[in-house]
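Hi,

Here's the structure I promised to pass on.

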Amino acid sequence: MARRELPEPSADSCRTFDIDVCTLLAAHLGRRMEGPPTKASVVAALAGGERKPKFSKYSGSLEWRNAVVLWVNVGGADYANLFLDGGRRMSWFASQRHDAGSPIVQRLLATKRSATTVRDSLLLFCRLPGEPYVCCGRLEYVSHDPASSPLKFVWALIDADELLERSEAFGEIVAQGPAEPK
């Protein structure tokens, strides 16, 4: 599939903002995000400062200049995402409209290169229905299934040990997720 390019982002797009990943993790890893239980609350915290970036509240992924955020709802009948290995890995499905040539998919696949060539951080935010999002830290590419529709990815949670040891909120999310298939 041919790679497609995105148009240049508007000045107030998330794609023009950087996330301070170190500060984010120090302040929020394993914690419920403050404010209403919406993506907008998380985006405001990630953007910092006075500017409010534009984004689609319907997308399961959000591109920033230096990172990609994946949004995962857990515990509802409509969600096929699974935590694997007791919360150390998870499956995530791209949007039905994304294929191997989509810019976001290309960017996600680029994260599987060695750490010295990856410019992006991949960050995970999960929530239970009606609850605030929890910062679940950084992700690392494990695999994807190019034949599945929607595209299925498996990610390792880089911060899993700390989350499992210290975060009650993360433990609740993992416990509510669908069981891993036997």
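This is a predicted model: local features need pLDDT of at least 70, side-chain atom pairs count only at pLDDT 80 or more; totals for chains, interfaces and linings use all residues.

First, the lysine. K39 sits in helix α2, which covers residues 39-47. K39 is buried, but it has no salt bridge. Which side chain of opposite charge is nearest? That would be E63, and it is 14 Å away. With a salt-bridge cut-off of 4 Å, E63 is therefore out of range for K39. What the side chain of K39 does have is a polar atom 3.0 Å from the backbone oxygen of K57. K57 also shows up among the contacts of K39 beyond four places in sequence, together with F55, Y58, S59, G60, W71 and Y133.

Now the rings. The count comes to 7 aromatic pairs. One of them is W92 with F153, a tilted pair at 5.9 Å centre to centre and 50° between the planes. This pair links distant parts of the chain: W92 belongs to strand β4 (residues 89-93) and F153 to strand β7 (residues 152-157), 61 residues apart. Both W92 and F153 are buried.

F153 has another partner, W155, and here the rings are stacked, with 5.2 Å centre to centre and 5° between the planes. How buried are these two? F153 has a relative accessible area of 0%, and W155 likewise comes out at 0%, so each counts as buried under the 20% cut-off.

Cheers

Terms used: Residues are numbered from 1 along each chain as its sequence is written. Side-chain values use heavy atoms; hydrogens and water are left out. Helices (H or I, at least four residues) and strands (E, at least two) are DSSP runs, numbered from the N terminus. Buried means under 20% relative accessible area, exposed over 50%, partly exposed in between (1.4 Å probe, protein chains only). Lys and Arg count as positive and Asp and Glu as negative; His and the chain ends are not counted. A polar contact is a pair of N or O atoms within 3.5 Å; within protein, one must be able to donate a hydrogen and the other to accept it, and residues adjacent in sequence count only if both atoms are side-chain atoms. Contact means heavy atoms within 4.5 Å. Rings of Phe, Tyr and Trp (its six-membered ring) pair if their centres lie within 6.5 Å; planes under 30 degrees apart count as stacked, over 60 as edge-to-face and the rest as tilted.
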